[in-house]
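Thanks for coming, everyone. Please have the sequence and the model open while I talk.

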Amino acid sequence: MSKLSEAIKNKEFVITSEVGPPKGTNMKECLEEAKHFGDKVMAINVTDIQSAVMRIGSLATCIKLKELGYEPIMQMVCRDRNRLSLQSELLNADIFGIENMLCLTGDHQTLGDHPECKGVFDLDSVQLLAAAKGLMAGQDLAGGKLDGSPNFLLGGVVSPGLEPVELQIMKMEKKIQAGAKFIQTQSIFEPEKFRQFMEKVKHINVPIFAGIIILKSVGMARFMNKNVAGVSVPEEMIKEMKATKDKKATGVAIAARIIREIKPYCQGVHIMPLGWADTVPEIIKQAEL
Amino acid sequence: MIIAKLKPFDEIKEMLEDYRKILVLGCGSCVAVCMAGGEKEAGLLTTQLQMAFELDKSGKTVETITILRQCDREYIEEVKEKLGQYDAILSIACGVGVQFTAEVLDGTKILLPGLNTTFLGATAEPGTWVERCLACGDCVLDETGGVCPVTMCSKSLMNGPCGGHEEGKCEVERTRDCGWVLIYERLKKLNKLDLLKTFKGPKNYGAVKRPDKIIHEAYQPVAVEKEEAKDKK
Ligand code: SF4
Ligand code: SF4
């Protein structure tokens, strides 16, 4: 059983973080990031051709992390592969001992660095979860029987800040029905709004881990407000970043403060350091986790 | 209807480089409605080409005719002989029309496309056309309040939106509505939001065997034979 499954089973407060595979074959920096996270991080998300920018794959990076003793959460998106390839990749992941699988839609190909490529989207994230669940039960999407079936802890994502939130909740419910055993959220900057969201999904019986992004600069905050759907960094936080001399320390303090405030309402946090992996232990410490 | 737009003039001109006697062949149906390849547009393009060739002193001639439909053998046959008089035919029908005219002429004449065929759409307002259907062969509009998830969602998602919409707009283009927000709003008005709760399985992308073919029941070989047998009696 994966550490993540174990923690969920024991109703522990879950802490996960994330790395992004590099563009090119130099894995050094990416793997080094994992070293910074420290013991409290139970598992590490590995993004799948994140932002539709061509790079090393999720599975290969997960295998590398595992070799070093870390527990990966493999992300899989629907953009680049049809149902044959997606199901095959799920089997591939299993034989390399990958135990956690996070299924997502994926950013549209036109937003990446190969905007002229053909997007696939043969399945959506709910169908991908259902496909994985089917494989775990020994059957593929066409009803074919498997000789040996994989075993995963399946997860999905939700974006609590998106309107209409009802639509987000409906889709999240479908993900859970399709087999998701945990949910990670888009990054949270407004604890009160998050509390209201968690109130609306009280009936959900799988743990929800709040996404935390470390603010690195005023520019980054403004960029996210403008370009990242469902994320809004409050003006006071932007002011805080503007006023500080030590961006890193303030970014860490803000992230820790958000975690302290939302901790009572969720079952864990997923910290996305976006290159500042070394700040993760300090955030965890200041957040009193 | 089929929506298309004229190729850039320079691209068209380059295509015509090797030919002297050119015919611009317009089509009087879909592409006439979307103001890309009808009689009027054929006339305009012909004049433009004539002027350009005159400036070049290339000695090329350009004439034009327009037929009602280039996707119908009957109308092409009517002008087949005339088409024989030119070195090249620049068809400004959709891709179907260009191919069908070429098929009728069967290698006796080169056909060149003057349009880029773009989508199946409707007239949103005068001069504006919008895409609405990808001809998937397995229509699900009954489940989505008459808004097509395959077409109106940039990722053709079947079970709800991705995380990329913001203020009702799609992540691909912030000026375009998110298909799933449209579906949600329509179903809400219809008081049928419950339709969204059911899991939609993977779509049957094999429903259309591209290139597909449809034969109306009455024209199935068996049906035709039966009719003929009746006649004999
Ligand atoms: S579901 Fe969409 S793409 Fe398919 S036939 Fe209906 S409108 Fe067209
Ligand atoms: S933003 Fe809406 S329309 Fe665009 S891809 Fe996502 S769900 Fe589809």
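**A walk through the model**

Let me start in a loop of chain A. A:Pro164 sits in the loop between β5 (153-158) and α6 (165-177) of chain A. Helices here are DSSP runs of H or I with at least four residues, strands are runs of E with at least two, and both are numbered from the N terminus.

A word on ground rules. This is a predicted model, so local features need pLDDT of at least 70 and side-chain atom pairs count only at pLDDT 80 or more, while totals for chains, interfaces and linings use all residues. Residues are numbered from 1 along each chain as its sequence is written, chains are lettered from A and ligands numbered from 1 in the order in which they are written, and side-chain values use heavy atoms, with hydrogens and water left out.

Back to A:Pro164. What is the peptide bond from A:Glu163 to A:Pro164, cis or trans? It is cis, with omega near -5°. Chain B gives us another case. B:Arg210 and B:Pro211 are joined by a cis peptide bond, with omega about 0°. B:Pro211 is in the loop between α7 (179-189) and α8 (221-232) of chain B.

Stay in that loop. B:Asn191 also lies between α7 and α8 of chain B. Its phi is positive, about 60°, although B:Asn191 is not a glycine. B:Asn191 is exposed, at 71% relative accessible area. For the terms: buried is under 20% relative accessible area, exposed is over 50%, and partly exposed is in between, using a 1.4 Å probe and protein chains only.

Chain A has a positive phi to show as well. A:Lys11 is not a glycine, and its phi is near 55°. Look for A:Lys11 in the loop between α1 (3-9) and β1 (14-19) of chain A. A:Lys11 counts as exposed because its relative accessibility is 76%. Why point these out? Most residues other than glycine have a negative phi, and most peptide bonds are trans.

Now helix α6 of chain A. A:Glu166 is in this helix. A:Glu166 is partly exposed, with 34% relative accessible area. Follow the chain 34 residues to A:Lys200, and the C-alpha atoms of the pair are 9.1 Å apart in space. Is A:Met172 buried or exposed? Buried, at 1% relative accessible area. From A:Met172 to A:Ile183 is 11 residues along the chain, and their C-alpha atoms are separated by 8.2 Å.

Next, a pair of helices in chain A. The axes of α4 (residues 83-95) and α5 (residues 125-136) of chain A come within 10 Å and cross at roughly 50°. That makes α4(A) oblique to α5(A). Axes are lines fitted to C-alpha atoms, for helices over the stretch in contact, and angles run from 0 to 180 degrees between N-to-C directions. Under 35 degrees is roughly parallel, over 145 roughly antiparallel, 65 to 115 roughly perpendicular, and the rest oblique. The crossing of α4(A) past α5(A) is right-handed. Right-handed means the near helix is turned clockwise from the far one by less than a right angle; left-handed means anticlockwise.

Over to chain B. B:Gly38 is in the loop between α2 (30-33) and α3 (39-56) of chain B. B:Gly38 is buried, at 1% relative accessible area. B:Ile67 is 29 residues away along the chain, with a C-alpha separation of 8.8 Å from B:Gly38.

On to cysteines. B:Cys94 is in the loop between β4 (88-91) and α5 (95-105) of chain B. At 10% relative accessibility, B:Cys94 counts as buried. B:Cys94 and B:Glu81 are 13 residues apart along the chain, and their C-alpha atoms are separated by 22 Å.

How many disulfides are there over all chains? The search of the whole structure finds 0. A:Cys78 is in no disulfide, and its nearest cysteine sulfur, that of A:Cys103, is 7.3 Å away. The cut-off for a disulfide is a pair of cysteine sulfur atoms within 2.5 Å. A:Cys78 is buried, with a relative accessible area of 0%.

Last stop, ligand 1. The residues around ligand 1 include B:Cys133, B:Cys136, B:Cys139, B:Cys148 and B:Thr151. A residue is near a molecule if one of its heavy atoms lies within 4 Å of it. The shell divides into 8 nonpolar, 1 polar and no charged residues. Here Ala, Val, Leu, Ile, Met, Phe, Trp, Tyr, Cys and Pro count as nonpolar, Asp, Glu, Lys and Arg as charged, and the others, Gly among them, as polar. B:Cys133 is partly exposed, at 37% relative accessible area.
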